[in-house]
Amino acid sequence: MSKQFYGKLLFFLKGYCMPPRLILASTSPYRRALLERLDVPFETMRPEVDETPRPGERPQALVSRLAAAKAGAAATQFEGGLAIGSDQVAAYDGVVLGKPGGHDAAVAQLRAVSGRVVEFLTGVCVRDLSNADERQDVAITRVRFRTLDEAAIERYLAREPAYDCAGSFKSEGLGITLVDAIEGDDPTALVGLPLVRLCRLLRVFGLSP
């Protein structure tokens with residue numbers, strides 16, 4: 001057989017053995033820091049996705065849809081690879097809490113969750129950009145907030161203005177002082193990217209961190 005044939009074969013085998021390109025469809029520093037734990041190279045991009053809930057949309061359906069939309073948005077910038085999309089909301093009694101975006105909204109959210117059990121739903125989606133095959137999962141974490149008075153709320157927000165976190169709650173920081181209990185099977189889900197579920201999904205596509 002010719003050297004040209006062996007050269008082509010070697011090129012093919014190298015391409016075949018290379019792990020797929022990994023893209024995080026998020027510019028969240030929290031999700032980036034979590035994905036870095038897996039010690040695999042990845043790129044990031046900003047997904048242009050309208051996060052407005054649809055009329056009557058349930059929280060689990062919302063985070064599933066948005067996680068898939070964010071992963072799919074990577075196709076506008078990348079031709080191949082595995083794209084990761086994720087989204088999170090907090091919910092209680094049918095009320096959905098997103099990111100407050102500012103102080104007044106954060107105060108209102110923390111007043112509302114005072115003394116309640118709140119579900120934090122974190123959706124994750126992995127999409128193969130070469131053929132649009134995708135897998136999804138949702139992690140649900142139940143957080144029981146202690147009773148919070150106005151002084152406790154203002155003191156917390158002065159020290160940790162969690163305006164970019166669903167429910168104004170940053171569990172990996174001082175937010176842990178606001179709760180009595182946390183119940184869930186994926187400790188990273190509350191931070192914004194459920195790594196236990198993500199690793200499971202990545203293995204489906206042949207990537208084992």
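Buried means under 20% relative accessible area, exposed over 50% and partly exposed in between, computed with a 1.4 Å probe on protein chains only. This is a predicted model, in which local features need pLDDT of at least 70 and side-chain atom pairs count only at pLDDT 80 or more, while totals for chains, interfaces and linings use all residues. Residues are numbered from 1 along each chain as its sequence is written, and side-chain values use heavy atoms, with hydrogens and water left out.

**View 1. The whole chain.** The chain has 6 helices and 7 strands, where helices (H or I, at least four residues) and strands (E, at least two) are DSSP runs numbered from the N terminus. Read from the N terminus, the order of elements is α-β-α-β-α-β-β-α-β-β-α-β-α. Along the principal axes, the C-alpha atoms fill a box of roughly 80 × 35 × 25 Å. Of the 209 residues, 46% count as buried. Contact means heavy atoms within 4.5 Å; among contacts between residues at least 6 apart in sequence, 67% join residues at least 24 apart.

**View 2. Helix α5 and its two sides.** Helix α5 covers residues 150–159. A152, I153, Y156 and L157 of α5 are buried. These buried residues fall within an arc of 125° seen down the axis of α5, so they line one face of the helix; the arc is that of the directions from the helix axis to the C-beta atoms. On the other side of α5, A158 and R159 are exposed. The buried residues of α5 pack against α4. An α-helix has 3.6 residues a turn, so residues three or four places apart point the same way.

**View 3. The packing of α4 on α5.** Helix α4 (residues 103–113) packs on α5 at an angle of about 135°, and the two axes are 10 Å apart. Axes are lines fitted to C-alpha atoms, for helices over the stretch in contact, and angles run from 0 to 180 degrees between N-to-C directions. The two helices are therefore oblique to each other; angles under 35 degrees count as roughly parallel, over 145 as roughly antiparallel, 65 to 115 as roughly perpendicular and the rest as oblique. From α4, the contact uses H103, A106, V107, L110 and R111, and from α5 it uses E150, I153, E154, Y156 and L157. These residues divide into 6 nonpolar, 1 polar and 3 charged. Here Ala, Val, Leu, Ile, Met, Phe, Trp, Tyr, Cys and Pro count as nonpolar, Asp, Glu, Lys and Arg as charged, and the others, Gly among them, as polar.

**View 4. The buried side of α4.** A106, V107, Q109, L110 and V113 are the buried residues of α4. They cover an arc of only 165° around the axis, which puts them on the same side of α4. Their cover includes β3 (82–92), β4 (95–97), β5 (117–128), β6 (133–145) and α5. Just after α4, G115 has a positive phi of about 75°.

View 5. S168 has a positive phi of about 60° although it is not a glycine. At 0% relative accessibility, S168 counts as buried. K170 touches Y30, Y156, E160, A162, C165, G175 and I176, leaving aside residues up to four places away in sequence. The C-alpha atoms of K170 and G192 are separated by 9.8 Å, with the two residues 22 apart along the chain.
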